[in-house]
Each structure stands twice: as C-alpha cells, then as structure tokens.
Amino acid sequence: MINYHNRKFVSVDNSAGGEVSSHTYFHYYQEENILYADYEGGDIVKGKLIGIVHGDGSLEFRYNHVNRNNEIRGGQCKSIPVIAEDGRIELYEKWQWLDQEETSGESIIKEVK
C-alpha cells in the first residue's frame with residue numbers, strides 16, 4: 001500500500017467546473033488507512049479532505065472548502081495512483097460536487113518533491 005503521509009501535491013489538470021487549479025497545493029497525512037489533507041491556493045482560501053486509503057493505494061474521500069467568493073463548497077472524489085517515471089505519485093481523480101451543482105469531472109494532481 002502507498003503511504004501518503006506528509007506528501008505534497010499540486011494540481012496539473014482539471015475539468016471545467018472544478019475550482020482546483022495549478023495554484024492549489026495539497027498536504028496529505030495518513031494514519032493507518034485514514035487519509036486527511038489541507039489544501040489552498042488559487043480560488044480556494046482553505047480546504048480540508050478526509051477519507052480512506054484502500055489496499056491498492058486508491059483513495060476515496062470527501063472534501064470541503066471555502067472559495068474566494070466566500071462560498072462553502074463540497075464533494076466526493078475517488079483517486080487512482082500512478083507512479084510516474086520520476087518516482088512521483090500522480091493521482092487520477094473522478095470528483096463530484098455534492099452541493100447545489102452536483103456536477104462532476106476529472107482531475108490530476110502530482111506529487112511535489
């Protein structure tokens with residue numbers, strides 16, 4: 001199983017309708033199979049996520065943040081890890097808002113060394 005504790009990621013791609021951008025940084029923590037993270041940057045003032053690391057290293061979590069418009073947004077995400085040639089983790093994500101929009105999309109975040 002991949003251990004995500006104290007790893008940092010940045011967004012490298014996101015579908016329209018997502019608020020995460022190349023200015024958004026994530027700091028992941030892990031305790032056994034529980035994952036949590038802080039994120040901020042770009043349109044996001046402050047965000048938190050919490051979820052589960054599955055045996056295959058995939059992630060399932062819920063996220064909430066406050067954006068620059070002072071809106072509280074939240075959703076759910078499933079992420080599949082891929083180890084890049086340089087050894088960094090890339091997470092291929094499928095997300096869905098759980099607020100008024102309920103739209104969905106895909107994103108990629110990459111580990112920052």
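Predicted model: local features only at pLDDT ≥ 70, side-chain atom pairs only at ≥ 80, totals over all residues.
Eight strands close into a barrel, in the order 1-2-3-4-5-6-7-8, and their pairing is antiparallel. Within this sheet, neighbouring strands are turned by 30 degrees against each other on average, with direction ignored. Where do strand 1 and strand 8 come in? Strand 1 (residues 8-14) is joined to strand 8 (residues 104-112) by six bridges, and the two run antiparallel. One example to look for in the model is Lys8, whose bridge partner in strand 8 is Val112.

Strand 6 (residues 72-83) pairs with strand 7 in the antiparallel sense over nine bridges, and Lys78 stands opposite Lys94 of strand 7. These two strands form a hairpin with five residues between them, and Gly87 in the turn has a positive phi of about 90 degrees. Strand 7 is in turn joined to strand 8 by seven bridges, again with the strands running antiparallel. Here Glu93 has Ser107 in strand 8 as its bridge partner. The hairpin of strand 7 and strand 8 has six residues between the strands, and Glu102 in this hairpin takes a positive phi near 55 degrees.

Next come the aromatic rings. Seven aromatic pairs are found in a search of the whole structure. One of them is the stacked pair of Phe26 and Tyr39, with 5.1 Å from centre to centre and 25 degrees between the planes. Because Phe26 lies in strand 2 (residues 25-31) and Tyr39 in strand 3 (residues 34-41), this pair ties together parts that are 13 residues apart in sequence. Phe26 and Tyr39 are both buried. Tyr29 and Tyr36 also form a stacked pair, at 5.3 Å centre to centre and with 20 degrees between the planes. Tyr36 counts as partly exposed because its relative accessibility is 29%, a value that falls between the limits of 20% for buried and 50% for exposed. A single aromatic cluster is formed by Tyr4, Phe9, Phe26, Tyr28 and Tyr39. Elsewhere, a charged residue meets a ring: Arg73 lies over the face of Trp97, at 3.7 Å from the ring centre.

Which residues have the most contacts inside the largest nonpolar core? They are Tyr4, Tyr28 and Leu49, in a core of 20 residues. Strand 2, strand 3, strand 4 (44-53), strand 5 (59-67) and strand 7 (89-97) each supply at least two residues of this core. The largest share, four residues, comes from strand 7. Tyr4 is worth a look in the model: leaving aside neighbours within four places in sequence, its contacts include Phe9, Tyr28, Leu35, Val53, Leu59, Pro81 and Leu91.

Finally, two loops hold residues with a positive phi. Glu32 has a phi near 55 degrees, a positive value in a residue other than glycine, and is placed in the loop between strand 2 and strand 3. Is Glu32 buried or exposed? With a relative accessible area of 72%, Glu32 is exposed. Asn70, likewise not a glycine, has a positive phi of about 60 degrees. Asn70 is found in the loop between strand 5 and strand 6, and a relative accessible area of 67% makes this residue exposed.

Key: Residues numbered from 1 in each chain as written. Heavy atoms only, no water. Pairing = 2+ DSSP bridges. Axes fitted to C-alpha atoms, helices over the stretch in contact; angles between N-to-C directions. Phe/Tyr/Trp six-rings, centres within 6.5 Å; stacked < 30°, edge-to-face > 60°. Buried < 20%, exposed > 50% of the residue type's maximum accessible area, 1.4 Å probe, protein only. Lys NZ or Arg CZ within 6 Å of the ring centre and 35° of its normal. Core = buried A, V, L, I, M, F, W, Y, C linked by side-chain atoms within 4.5 Å. Contact = heavy atoms within 4.5 Å.
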